[in-house]
Amino acid sequence: MDFTLTDEQTLLRDSVTAYLAGRYPLLESRQAARSATGWQPDVWRAFATELGILAATLPESVGGLGGGPEEMMVISEALGGSLVVEPYIGTAVVGGSLLTGAGGTAADAVAERIAEGEARIAFALTEPDSGREPWDVQLTATAQGDGYVLSGAKIVVADLPLATHLIVAARTTGERLDREGLSLFLLEFDPQAPPAGITAQYFRTIDDHHTGDLTFTDVVVPASALLGTPGRAWPVIERALDDGAAAVCAEAVGIMRRVVADTVEYAKQRKQFGVPIGSFQALQHRMVDMSLELEQAVAATYLAVLNLDGTEQRRRRGVSAAKVTIARAARFIGQNAVQLHGGMGLTEELAIGHYFKRLTAIETEFGSATDHLHRYAEATR
């Protein structure tokens, strides 16, 4: 495998990093995340118009730039280093994957709006009684006349308060745990005035991201809301989830690079017994262990990203191996960074506490380490 970035990918990384360094200060972004708005719309517009990252990985047929998994990795890592809360992964990665995977006129139209910065996607998959399997879907879509009636509930729908569109996974046929029988529906959504029959509750998570729960009570949607072939959505969903998992792995790498660098710098400045604590051999060993965990996380993320377009088995193995590695590294690096900073590590004033919270959330996003250990075992049979 070639881990070397091309000149274009290096330029993309440097452009995003430079923009965020100048226009995305941590404390201001946290204040925006905790405000009534919950994000910075001007930053999102810049992502589309100045940086072009919302279009970077979308096909040229929908106004994208035709990039691939490597470009997604470069962007996600750069965004992670600045703790960006704007819904890049949920919209450009997961949403883009669902729309392009399902295809169709309606999907292409929304994908074009993503590239322009006008559409934001919330993917409603997880349900209150869902088990470990992501295909455990009970929300039903019953054919009625020229459309469908949606009934059921979804929980922890990422980016829901920021969304302009919902993509809902529903069961059109089959039993609860069947992978066949799942379908996708595309709905326009206004967080302030949800469509008739939809009840939404919003909340902010510990890492300053935004999510929410949905209840569908006999929601009538037209047949045109169906994405792709009815009952055949699982392969599209699985690929989108793998894309999202690989993206958060890259985001975690960006965060951990920053955490390790900040911890090393702090150890050079903080003095105990008249000398920098970085001169203590025991702490040097601890920071070396953090660096080793980071390098393993980087390698695992490369493995996942470079196998996204491979066979299903290779993709599943690569993504699950990366997610398990990232979960371990995130916990080790985050906890040690907080410990080495002492009580200051969890204060609002220091970046370390904010990075630690995000790393903690990433451990379970798109499946926990336990989930992916099971999945990896299945993929190696």
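The legends below describe close-up views of a predicted model. Local features need pLDDT of at least 70 and side-chain atom pairs count only at pLDDT 80 or more, while totals for chains, interfaces and linings use all residues. Residues are numbered from 1 along each chain as its sequence is written, and side-chain values use heavy atoms, leaving out hydrogens and water.

**View 1. A salt bridge joins Glu293 and Arg328.** A salt bridge is a side-chain nitrogen of Lys or Arg within 4 Å of a carboxyl oxygen of Asp or Glu. In this pair the closest N and O atoms are 3.2 Å apart. The partners are 35 residues apart and link distant parts of the chain, with Glu293 in helix H8 and Arg328 in helix H9 (residues 312-341). Helices are DSSP runs (H or I, at least four residues), numbered from the N terminus. Glu293 counts as buried because its relative accessibility is 14%, whereas Arg328, at 40%, is partly exposed. Buried means under 20% relative accessible area, exposed over 50%, and partly exposed in between (1.4 Å probe, protein chains only).

**View 2. Arg331 pairs with Glu363 in a salt bridge.** Their closest N and O atoms lie 3.0 Å apart. Arg331 belongs to helix H9, and Glu363 to the loop between helix H10 (351-362) and helix H11 (369-379). Arg331 is partly exposed, at 46%; Glu363 is buried, at 13%.

**View 3. Glu365 forms a salt bridge with Arg358.** The closest N and O atoms are 2.6 Å apart. Arg358 is buried, with a relative accessible area of 3%, while Glu365 is partly exposed, at 24%.

**View 4. Salt bridges link several residues in a network.** The members are Glu238, Asp242, Glu312, Arg315, Arg316 and Arg375.

How values were computed. Helix = DSSP H or I, 4+ residues; strand = E, 2+ residues; numbered from the N terminus.
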